Structures are given as C-alpha cells and as structure tokens.
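Subject: Structure handover

Hi there,

Here is the structure I promised to pass on to you.

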Amino acid sequence: EKAGYKQKYDGVLVDAPCSGDGTVRKDSKAWDLSIQHAMSLHRLQRKILRRSIEMLRTGGITIFSTCSMNPLEDEAVVCSVL
C-alpha cells in the first residue's frame, strides 16, 4: 500500500485543471495570463499528479493531460513530480 490507499488501479487518467490557453481560439476571454494564476495551477496540478501516482498498482500508468500549451502546466509539472 502507498500512502494509505487500499484500492490500487492499473491506470489513472488525469484531466488536470489548467489555464485553458490551448482553447484561446474558441474563447479568448477565458484565458488568464497572470503568473500568479499559472503558479497556483502548477501547484494544484502537481498535487493531483502525485495523488494519481499514489493510487497506482506497481507497474501502473498515469496519463496526465491539460488543454494548456504552457510548459509550466505540462512538462514542468511532470518533471517536478518524477
């Protein structure tokens, strides 16, 4: 058992909350460019990704997805957790 989770999964799909900058063509008003917002999302995404990994069986797979194109919300999150 990892971190007290009794149920373990072969796979976890994380559709993480994000700034939505990848959807700016659909709704330009939905995009928040502030660094504070990006950093708060980065912290939340890291927390969600870590928890998803804790819920995996040995050899399990987590898929991490956002609709953002910002590396702070994608590659930086994954690299900081691995």
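A residue is called buried when its relative accessible area is under 20%, exposed when it is over 50%, and partly exposed in between (1.4 Å probe, protein chains only). On that scale, 28% of the 82 residues of the protein chain count as buried. Please keep in mind that this is a predicted model, in which local features need pLDDT of at least 70 and side-chain atom pairs count only at pLDDT 80 or more, while totals for chains, interfaces and linings use all residues. Residues are numbered from 1 along each chain as its sequence is written, and side-chain values use heavy atoms, with hydrogens and water left out.

Let me begin with the fold. Helices (H or I, at least four residues) and strands (E, at least two) are DSSP runs, numbered from the N terminus. For contacts I use heavy atoms within 4.5 Å. Of the contacts between residues at least 6 apart in sequence, 76% join residues at least 24 apart.

Now to the inside. A nonpolar core here is a set of buried Ala, Val, Leu, Ile, Met, Phe, Trp, Tyr and Cys residues joined through side-chain atoms within 4.5 Å. The largest one has 8 residues: Val-12, Val-14, Ala-16, Leu-49, Leu-56, Phe-64, Val-77 and Val-81. At least two residues of this core come from each of S1, S2 and helix H2 (75-81). Leaving aside neighbours within four places in sequence, Phe-64 is in contact with Val-14, Ala-16, Gln-45, Leu-49, Glu-73, Asp-74, Val-77 and Val-78.

Beyond four places in sequence, the contacts of Thr-66 are Ala-16, Cys-18, Gln-45, Glu-73 and Asp-74.

What about salt bridges, meaning a side-chain nitrogen of Lys or Arg within 4 Å of a carboxyl oxygen of Asp or Glu? The count is 1. Arg-57 pairs with Asp-10, and their closest N and O atoms are 3.0 Å apart. Arg-57 lies in strand S2 (residues 56-65) and Asp-10 in strand S1 (residues 9-15), so the pair ties together parts that are 47 residues apart in sequence. Arg-57 is partly exposed at 40% relative accessibility, whereas Asp-10 is exposed at 55%.

Last comes the surface. Accessible areas come from the Shrake-Rupley method with a 1.4 Å probe; for residues, only the protein chains shown count as cover. The chain exposes about 5700 Å², with carbon and sulfur atoms supplying 56% of it. Ile-61, placed in strand S2, is exposed at 55% relative accessibility.

Happy browsing, and do write back with any thoughts!

Best wishes
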